[in-house]
Amino acid sequence: MIAFLLSILLAFAGHPVDGIPVDPELDSYWTEVSRTVAEGDFDGYAALYHPDAVLVSTAGSASYPISQALEGWKPGFVDTAEGRTTANVEFRFTRRLSDASTAHETGIFRYIATDADGGQQGATVHFTALLVKKDGRWLMLMEHQKELATEEEWEAAG
């Protein structure tokens with residue numbers, strides 16, 4: 001009974017239960033997200049989402065289909081692909097829960113875009129992602145962009 005209660009407490013604390021690590025393919029998923037952003041590979045980026053995915057934006061007080069978000073993000077990808085800007089996104093995780101077919105990832109991402117004149121735009125944002133594994137591929141089903149993160153929070157997550 002005590003071992004059962006301990007395993008539940010550890011699960012809720014974000015620690016792996018029974019020493020089961022996070023699926024290494026999840027790390028590959030986030031590496032691919034970064035690659036597609038850096039290369040301006042819009043089609044590759046869009047393919048990382050489930051067709052029914054939802055974006056939740058706490059800052060924008062909105063929830064809408066990822067297809068709508070992708071439409072708004074596409075010009076930035078085109079600018080990157082055509083060399084008018086450079087873009088970079090990094091991820092740091094504070095909690096990772098997964099099994100063979102589902103994952104709940106919590107952390108902070110930092111996105112920075114630099115235009116040809118050296119001007120930068122970007123944000124460091126707390127996020128949660130819900131992913132499912134379909135046909136051997138991880139796909140994001142829900143992306144929740146929360147409040148902005150401080151530099152101290154970013155460093156602590158590293």
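Tutor: Accessible areas come from the Shrake-Rupley method with a 1.4 Å probe. Keep that in mind as we look at this predicted model.

Student: What does the accessible surface of the chain come to here?

Tutor: About 9,200 Å² for the chain, and carbon and sulfur atoms account for 57% of that. As for the interior, 35% of the chain's 158 residues are buried.

Student: How many helices and strands does the chain have?

Tutor: Five helices and six strands. Going along the sequence, they come in the pattern α-α-α-β-β-α-β-β-β-β-α.

Student: Let's zoom in on one residue. Is His50 buried or exposed?

Tutor: The cut-off for buried is under 20% relative accessible area. His50 has 16% relative accessibility, so His50 counts as buried. You'll find His50 in strand 1, which covers residues 49-57.

Student: Which residues is His50 in contact with, leaving aside neighbours within four places in sequence?

Tutor: Ile66, Val132, Leu139, Met140 and Leu141. For the chain, take contacts between residues at least 6 apart in sequence: 56% of them join residues at least 24 apart.

Student: Now confidence. Which element of the chain has the lowest mean pLDDT?

Tutor: Helix 1, residues 2-12, with a mean of 32, while helix 3, residues 42-46, has the highest at 98. Over residues 1-19 the pLDDT is below 50, and this stretch has 10 contacts in the model beyond near neighbours in sequence.

How values were computed
Residues numbered from 1 in each chain as written. Predicted model: local features only at pLDDT ≥ 70, side-chain atom pairs only at ≥ 80, totals over all residues. Heavy atoms only, no water. Helix = DSSP H or I, 4+ residues; strand = E, 2+ residues; numbered from the N terminus. Buried < 20%, exposed > 50% of the residue type's maximum accessible area, 1.4 Å probe, protein only. Contact = heavy atoms within 4.5 Å. pLDDT = per-residue confidence, 0-100.
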